[in-house]
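Dear colleague,

Please find below the structure that I promised to hand over.

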Amino acid sequence: MLNLVIFGAPGAGKGTQAAMLIEKYNLVHLSTGDLLRKEIAEGSEIGKQAQAIMARGEFVSDEMVVSIISGQIDRHADANGFIFDGFPRTVRQAGMLDELLKSKNMSISIVVAMEVPETELVRRLLERGKVSGRADDQNMDVIANRIHVYHEKTEPVTGYYDAQKKFVSVNGLGAIEEIFGRLTAVIDQVK
Ligand code: ADP
């Protein structure tokens, strides 16, 4: 099994690269952002709880995302592997994910991060906001808050995986195909 975490700040290009990686390695893509937006669109209880939190650019609870992820892993029991995108986003989520995977006789193979300078992140998010209509991509205060929360809560996750010797980062600037090549070079080494 190949279980990847794709890591990076909001706007780093995780979703774009994940969509290409699932094709190449025949994996299931689990984006907590996408899964939460689906809950909102369906008007579920989880969606109702998540909506206002996401609109501010804050994090929903660790328990909520871990339970969504657990359900998705079980739904895809025959998968070749998974790409976790936008998750884990806190050190506590990373610990909870390890426990969860252990209970299912699975583990993370590698964490691949994309490094993108902050000015470029903001430019990409505003651009995406025009195309996708995502409200959290159209408001500069919300974007700034997401980047702030990323530094405060998500960046420490790199140390968690570094301690396990599972963390590798690549340059996230350049053509999409070029960045894909950098990621697959790293992944092919652990496969
Ligand atoms: P981006 O990576 O561009 O910020 P996502 O689609 O990954 O966008 O996430 C959108 C929002 O969903 C986040 O700002 C947050 O409110 C919520 N969210 C997604 N994943 C998580 C998570 N693992 N933990 C807590 N909140 C999350």
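Helices (H or I, at least four residues) and strands (E, at least two) are DSSP runs, numbered from the N terminus. Please bear in mind that this is a predicted model, in which local features need pLDDT of at least 70 and side-chain atom pairs count only at pLDDT 80 or more, while totals for chains, interfaces and linings use all residues. Residues are numbered from 1 along each chain as its sequence is written, and side-chain values use heavy atoms, with hydrogens and water left out.

**Cavity and pocket**

Grid points are joined across faces, edges and corners, and a volume is the space filled by probe spheres set on the points.

By this rule there is one cavity of 30 Å³ or more, and the largest cavity holds about 80 Å³ of space. Its lining is made up of I6, F7, G8, A9, P10, K14, G86, F87, P88, R89, Y150 and T154. By class, these divide into seven nonpolar, three polar and two charged residues, where Ala, Val, Leu, Ile, Met, Phe, Trp, Tyr, Cys and Pro count as nonpolar, Asp, Glu, Lys and Arg as charged, and the others, Gly among them, as polar.

The largest pocket contains about 870 Å³ of space. It is lined by 41 residues, of which P10, G11, K14, R128 and R134 are the closest to its centre. Two or more lining residues come from each of helix 1 (14-25), helix 2 (32-42), helix 6 (118-132), helix 7 (140-154) and helix 9 (176-190). The lining of this pocket has 14 nonpolar, 14 polar and 13 charged residues.

Five strands form an open sheet in the order 2-3-1-4-5, with parallel pairing; two strands are taken to pair if DSSP finds at least two bridges between them. Strand 2 (28-31) and strand 5 (167-171) are at the edges, each with a single partner strand, so one side of each has no neighbour in the sheet. From one strand to the next the twist averages 20°, with axes taken as lines fitted to C-alpha atoms (for helices over the stretch in contact) and angles running from 0 to 180 degrees between N-to-C directions.

Strand 3 (residues 81-85) is joined to strand 2 by four bridges, and here H29 stands opposite I83 and L30 opposite F84. Five bridges join strand 1 to strand 3, with F82 as the bridge partner of N3 and V5 standing opposite F84. Strand 1 is also joined by four bridges to strand 4 (residues 110-115), where I6 stands opposite V112.

How enclosed are these strands? Six of the six residues of strand 1 are buried, so the rest of the structure largely encloses it; buried means under 20% relative accessible area, exposed over 50% and partly exposed in between (1.4 Å probe, protein chains only). Both faces of strand 1 are covered, with L2, L4 and I6 on one side and N3, V5 and F7 on the other. In strand 3, G81, I83 and D85 point one way and F82 and F84 the other, and all are buried. I83 has 0% relative accessibility, and its C-alpha atom is separated by 6.9 Å from that of A18, 65 residues apart along the chain.

**Aromatic pairs**

The structure holds five aromatic pairs, counted where rings of Phe, Tyr and Trp (its six-membered ring) have centres within 6.5 Å, with planes under 30 degrees apart called stacked, over 60 edge-to-face and the rest tilted. One of them is the tilted pair of F7 and Y150, 6.3 Å centre to centre with 50° between the planes, which links strand 1 to helix 7 across 143 residues. Both F7 and Y150 are buried, and together with F167 they form one aromatic cluster. Y160 and Y161 form an edge-to-face pair, 5.1 Å centre to centre with 85° between the planes; Y160 is partly exposed at 23% relative accessible area, whereas Y161 is buried at 0%.

With best wishes

Methods. On a 1 Å grid over the protein atoms alone, a cavity is a set of points where a 1.4 Å probe fits but cannot get out, and a pocket is an open set with protein on both sides within 12 Å along at least five of seven lines; lining residues have an atom within 4 Å of a point.
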